[in-house]
Structures are given as C-alpha cells and as structure tokens.
Amino acid sequence: MEATTHPSPLPMNFADGVFPAGCPSRTLLDHITSKWGVLILLSLSEGEQRWSELRRRAEGISEKMLAQTLKTLERDGLVSRHAQPVIPPRVDYSLTEKGYELSALLVPLVGWAFDNAEDIINGPR
C-alpha cells in the first residue's frame with residue numbers, strides 16, 4: 001500500500017465545511033472513526049453477522065458499548081438490523097449500501113494502521 005509523502009490540497013468544499021464545530025460531518029466522523037465503530041463496520045464488511053459474532057470479534061467491547069455503537073450506526077443509515085421472529089430472539093446485522101461504500105474506504109486505512117502500528121508505537125520518540 002503506497003501513500004504520498006507530500007501534502008495534498010483539500011477539495012474546495014472542505015475549506016469551510018469540515019473544520020467548523022457545527023459541521024454535521026464532524027458528528028458523523030466521530031461515529032465512524034471511534035474504535036468500536038471502525039471495528040464493527042470492518043467486521044460487517046465481510047457479511048451479515050449476529051450480535052454474538054460481533055461481540056466475539058471486537059474483543060473487549062462491552063454489551064452496552066456494542067448496543068450503543070450498533071444503534072448509532074443504524075441511525076446513521078450505515079447498518080441494518082434484522083430481527084427474526086423466533087424464540088430465542090435472533091437479530092442479524094448487515095451493512096447498508098452506504099455502509100459498504102464506507103467500509104471500502106476504511107479497509108485501506110485499517111490496513112495501513114495494522115502494517116505500521118508496531119513501528120509507530122514502539123519507534124523512537
């Protein structure tokens with residue numbers, strides 16, 4: 001994965017858009033770039049999963065945080081919740097079209113973090 005080492009100009013519509021405190025994109029960025037938001041979106045990029053599968057994959061997430069993250073991503077239109085009318089209850093989660101579009105952008109970012117984390121965290125200060 002190759003990244004540029006030179007500054008890139010921001011698109012013109014960013015100049016007054018993403019930096020002001022009241023910009024809605026900042027709220028959305030907070031939702032999707034949280035530690036758990038990224039992991040849930042990445043996990044669902046591989047297909048529909050049950051609550052227990054998501055909890056198992058995102059090691060360390062509490063039930064409360066998983067529920068909160070899924071509700072937020074569902075409210076944002078990135079995740080779909082499919083409750084099955086069975087006993088015991090079964091709920092499956094999947095990405096929406098917007099969720100898949102976003103996850104395609106997150107995979108390279110997470111790949112970069114995975115490839116560079118050890119050097120950055122353990123490297124010289």
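User: Which pattern does the protein follow, read along the sequence?

Analyst: This is a predicted model, in which local features need pLDDT of at least 70, side-chain atom pairs count only at pLDDT 80 or more, and totals for chains, interfaces and linings use all residues. Residues are numbered from 1 along each chain as its sequence is written, and side-chain values use heavy atoms, leaving out hydrogens and water. Helices (H or I, at least four residues) and strands (E, at least two) are DSSP runs, numbered from the N terminus, and the protein has five helices and three strands. Read along the sequence, they give the pattern α-α-β-α-α-β-β-α.

User: In which order do the three strands of the open sheet lie?

Analyst: Strands of a sheet pair through backbone hydrogen bonds, either parallel or antiparallel. Two strands count as paired if DSSP finds at least two bridges between them. Strand S1 (49-50) and S2 are the edge strands, each pairing on one side only. The pairing in this open sheet is antiparallel, and the order is S1-S3-S2.

User: Over how many bridges do S2 and S3 pair?

Analyst: Two of the bridge partners in S3 can be named: Ser 94 for Ser 80, and Val 91 for Ala 83. S2 and S3 also form a hairpin, with five residues between them. Their pairing is antiparallel, and the number of bridges is six.

User: At about what angle do helix H2 (residues 35-44) and helix H4 (residues 63-75) pack?

Analyst: Axes are lines fitted to C-alpha atoms, for helices over the stretch in contact, and angles run from 0 to 180 degrees between N-to-C directions. The axes of H2 and H4 are 10 Å apart, and the angle is about 70°. That makes H2 roughly perpendicular to H4, since angles under 35 degrees count as roughly parallel, over 145 as roughly antiparallel, 65 to 115 as roughly perpendicular and the rest as oblique. The angle asked for is about 70°.

User: How do the residues of the contact of H2 with H4 divide into nonpolar, polar and charged?

Analyst: Contact means heavy atoms within 4.5 Å. H2 contributes Trp 36, Gly 37, Ile 40 and Leu 41, and H4 contributes Met 65, Leu 66, Thr 69, Leu 70 and Leu 73. Ala, Val, Leu, Ile, Met, Phe, Trp, Tyr, Cys and Pro count as nonpolar, Asp, Glu, Lys and Arg as charged, and the others, Gly among them, as polar. The division is seven nonpolar, two polar and no charged.

User: How many of the ten residues of H2 are buried?

Analyst: Buried means under 20% relative accessible area, exposed over 50%, and partly exposed in between (1.4 Å probe, protein chains only). The buried residues of H2 are Trp 36, Gly 37, Val 38, Ile 40, Leu 41, Ser 43 and Leu 44. H2 is therefore largely enclosed by the rest of the structure, the number buried out of ten being seven.

User: How far apart in space are Gly 37 and Thr 69, C-alpha to C-alpha?

Analyst: Gly 37 lies in helix H2 and counts as buried, because its relative accessibility is 0%. Leaving aside neighbours within four places in sequence, Gly 37 is in contact with His 31, Ile 32, Thr 69 and Leu 73. Gly 37 and Thr 69 are 32 residues apart in sequence, while their distance in space is 6.2 Å.

User: Which element gives the most to the largest nonpolar core?

Analyst: A nonpolar core is a set of buried Ala, Val, Leu, Ile, Met, Phe, Trp, Tyr and Cys residues joined through side-chain atoms within 4.5 Å. The largest one has 18 residues, and those with the most contacts inside it are Ile 40, Leu 41 and Val 79. The elements giving two or more residues to this core are H2, H4, S3 and helix H5 (97-122). With four residues, the element that gives the most is H2.

User: Is Thr 96 buried or exposed?

Analyst: Thr 96 is found in the loop between S3 and H5. Not counting residues up to four places away in sequence, Thr 96 touches Gly 77, Leu 78, Val 79 and Ser 80. Its relative accessibility is 18%, so Thr 96 counts as buried.
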